[in-house]
Amino acid sequence: MPKKRSGGGLTGTQQAAKFLGVSVLAGAVLAGIALPAFGALGLAAKGTVEGFDEIPANLKTPPLSQRTTILDSQGGRIATVYSRDRTVVPLKDISPYMQKAIVAIEDSRFYEHGAIDLKGVLRAVNRNAQSGGVAQGASTLTQQYVKNVFVEEAGDDPDKVAQATQQTLGRKIQELKYAIQVEEELGKKKILENYLNITFFGQQAYGIEAAAQRYFSKPAKDLKLEEAAMLAGIVQSPSRYDPVNDEEEATKRRNTVLQRMADVRDISQAEADRAKATPITLKVSRPANGCITAVAGAGFFCDYVREVFLTDPVFGKDRKERAKVWNQGGLTIRTTLDPKAQSSVQASIKDHVNQSDKVAAAVTLVEPGTGKVLGMGQSKPYGFGKNETQINFSVDKGMGGSNYGFPTGSTFKPFLATAAIERGVPPTQSYPAPYQMPYPASIQTCSGKPWVNTEGDTAENENESEVGPYALKEAMEKSVNTYFVQMIGQIGLCPVTETIAKLGVVQGDGKKLPESPSALTLGSQGISPLRMASAYAAFANRGTYCTPIAIDSIKTATGKSLKVPESSCSQAMSERTADTINTLLKGVVDSGTGEAAGLTSRDNAGKTGTTDARKNAWFVGYTPNMSGAVWVGSPSQQVEMENITIGGEYHDKVFGGQVPGPIWKDAVSGALEGKPAPGFTTVDIPDAPKGRDPEKPGGDNQGQGNGGRGDGKPGDNGGTNPFPDISIPPDLIGGGQSQGNGNGGNGNGGQDGGGGFP
């Protein structure tokens, strides 16, 4: 007689078992409906579901989540990422031993019954009633598969997982209904295949292929008898029968499976005994998941690819939808990463900056004309340990980067020069450029409301010996700050704002740069290396800017190609302007501040940059077929790079050409080794004389100033010196900011139409 609780009546478990038994019998006998192999089983659980036939029978089977493989441009594996480690394989690629073992231990009458094994249910009910607990289950392989489908559909949502695994009578009846549908639609072999691909085998391995690789480092089709039996035994309790952590329990369970296989005559008793006598021999392949496993230091690039996927609308209407596709996995993503370039980036960083240094370095290489990201690396490796980080210093905050990017210093000056040249300022333009000077009293902005120097902001050059007048070529080579302060005073802030917008330059937090002379002249705002490399690539590409891309192609597990983001290219400046900038920046690496970065085997150009207190040092340079940005500095912006050792070398003061420059040189040299060496299209920029004959106003500037309108009338601010604290001869003062097209050099525009400041 069943055991009663102290308060009288059956226990909850016994009541459920009795209720299930009665329901099954009532459905099978009273309703007079045949077994599921021949029809549908009618069940009714009053108070739980209204009626078995009213339960929807449309089981939506979600695609199984699988691992995603990220490849470089040559097809080499960068990393494997997954929410669940699974590789779906057809039944023909699963060892026959495995097929027999799982059926024998989980549902030995699988091929004899329908979706529900009535004999098994009655046997389980009887056994459980006798034991007073749950001593034996009755779920068929088909029912187990249905439950796994619910779990798979729940994903990582804990509430949905709880619902999918709850042991209620209503849930059981729903599983029965779906199991009938599955039996009718799929058939036994397909159900077995699906079950072996969906079920969990412990150690983060979902599906038999991942399990075979995890425990034995071999494909599922090559599993031996004793190996298959061990894996089949794990399914009932992956933690209890885990062979990695408890070999004794795993062995007992394996032998139980082997004996069961012999009992149902899948193998002979002799085969079972031989397999039982064989010790478990594991060859474990540890889970290799995520960008932390990336090869060649490509962890940050791997993470960037993931962020591209999660943020680009081409992969879904919102982040939630895109994340679902990403977590579903099964993708093969071929990226733009060039293995040779990536290897060169990492080697150069390692040669020049140590992981344990107080400062860090980041390098990004892109391809002009395509926007392809070819290399991306940094001195602090991807990880969670000491001197490791998960912050990608090369990209914007929204893509996993630092909060604001890093101040760029004088690497910003070519953008100002571009804006000026685009608006008619000649490359021979000269300014007095004293060692120190205040910013202009006011400068026009895009809004029309001028920036006003209410704080008395000043600028000074690196060395007191740097005193003008200078023309643009020499000012760029020497990176003369006061020269460019006067240039921004002449053309205004708006032209620079418009130019950098065309070059994709924004702050590291994604916001526009403020309209202030320090930001738009001397690079006081934070920008990411990827933004800088991509912008400079437009110079290499004769003025055409292309948005960066990291993904070449994506294929699903079924071989279907997905649409991927494409680079958008647009003309950011005239070819003539780009050629002029290339000529100017060639001078920087030939004989200017970037000489240490100059390549001897091919045309190259670039610009150095160092910020206040030497917290950041940059070199951004390019050849006609590669552009790269190198940043060295303190991620927290707390370290001043004076009297500092970097990469084992002592520096009293760090300059952009001194540490970042050589990193760029080695990285680009290695990346381009053996590749074509095209040349730049350059322009002739004559060296300007140091002085100017006051009897020849306008001189060789040929009236390209911003004063007269070409009709002999002065501009709005014609003849006014915007730098009252600097003594400039009246005959050398050009027009104001009225954007005139005067031709003062030949007298057609009036005297105020001269070339601005000398």
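A613 sits in the loop between strand 18 (605–610) and strand 19 (616–623); helices (H or I, at least four residues) and strands (E, at least two) are DSSP runs, numbered from the N terminus. The structure is a predicted model, in which local features need pLDDT of at least 70 and side-chain atom pairs count only at pLDDT 80 or more, while totals for chains, interfaces and linings use all residues. Residues are numbered from 1 along each chain as its sequence is written, and side-chain values use heavy atoms, with hydrogens and water left out.

Most residues other than glycine have a negative phi, and most peptide bonds are trans. The phi of A613, however, is positive, near 60°, and A613 is not a glycine. With a relative accessible area of 34%, A613 is partly exposed; buried means under 20% relative accessible area, exposed over 50%, and partly exposed in between (1.4 Å probe, protein chains only). S479 is another residue other than glycine with a positive phi, here about 55°. S479 belongs to the loop between helix 16 (472–478) and helix 17 (481–491), and it counts as buried at 11% relative accessibility. A further backbone feature is the cis peptide bond between G468 and P469, with omega about 10°. P469 is part of the loop that runs between strand 11 (458–460) and strand 12 (470–471).

What does the protein look like as a whole? Its secondary structure comes to 22 helices and 22 strands. The protein has 758 residues, and 53% of them count as buried. Contact means heavy atoms within 4.5 Å. Among contacts between residues at least 6 apart in sequence, 70% join residues at least 24 apart.

Of its 10 residues, 9 are buried, so helix 15 is largely enclosed by the rest of the structure. The buried residues are K413, P414, F415, L416, A417, T418, A419, A420 and I421. After helix 15 comes G424, which has a positive phi near 100°.

Which way does helix 15 run against helix 21 (residues 575–591)? The two pack at an angle of about 140°, with their axes 10 Å apart; axes are lines fitted to C-alpha atoms, for helices over the stretch in contact, and angles run from 0 to 180 degrees between N-to-C directions. Helix 15 and helix 21 are therefore oblique to each other (under 35 degrees counts as roughly parallel, over 145 as roughly antiparallel, 65 to 115 as roughly perpendicular and the rest as oblique). Their crossing is right-handed. Helix 15 contributes P414, A417, T418, I421 and E422 to the contact, and helix 21 contributes T577, T580, I581, L584 and L585. These residues divide into 6 nonpolar, 3 polar and 1 charged; Ala, Val, Leu, Ile, Met, Phe, Trp, Tyr, Cys and Pro count as nonpolar, Asp, Glu, Lys and Arg as charged, and the others, Gly among them, as polar.

Helix 2 (residues 96–106) packs with helix 9 (residues 225–234) at an angle of about 40°, their axes being 8 Å apart. That makes helix 2 oblique to helix 9. In this contact, Y97, M98, A101, I102, I105 and E106 of helix 2 meet L225, A228, A229, L231 and A232 of helix 9. Here the residues divide into 10 nonpolar, no polar and 1 charged.

In soluble globular proteins, nonpolar side chains tend to be buried together. The largest nonpolar core of this model holds 95 residues, and F415 and Y483 have the most contacts inside it (a nonpolar core is a set of buried Ala, Val, Leu, Ile, Met, Phe, Trp, Tyr and Cys residues joined through side-chain atoms within 4.5 Å). Helix 20 (residues 529–540) supplies the largest share of this core, 9 residues. A second, separate core of 56 residues includes I105, F201, I208 and L223. Beyond its neighbours within four places in sequence, F415 is in contact with T499, I500, L503, V505, M532, A535, Y536 and F539.

Finally, N604 lies in the loop between helix 21 and strand 18. Is N604 buried or exposed? At 4% relative accessibility, N604 counts as buried. Leaving aside neighbours within four places in sequence, its contacts include K586, V589, Y622, W664 and F680. The C-alpha atoms of N604 and K665 are separated by 9.9 Å, although these residues are 61 apart along the chain.

Notes
A crossing is left-handed if the near helix is turned anticlockwise from the far one by less than a right angle, and right-handed if clockwise.
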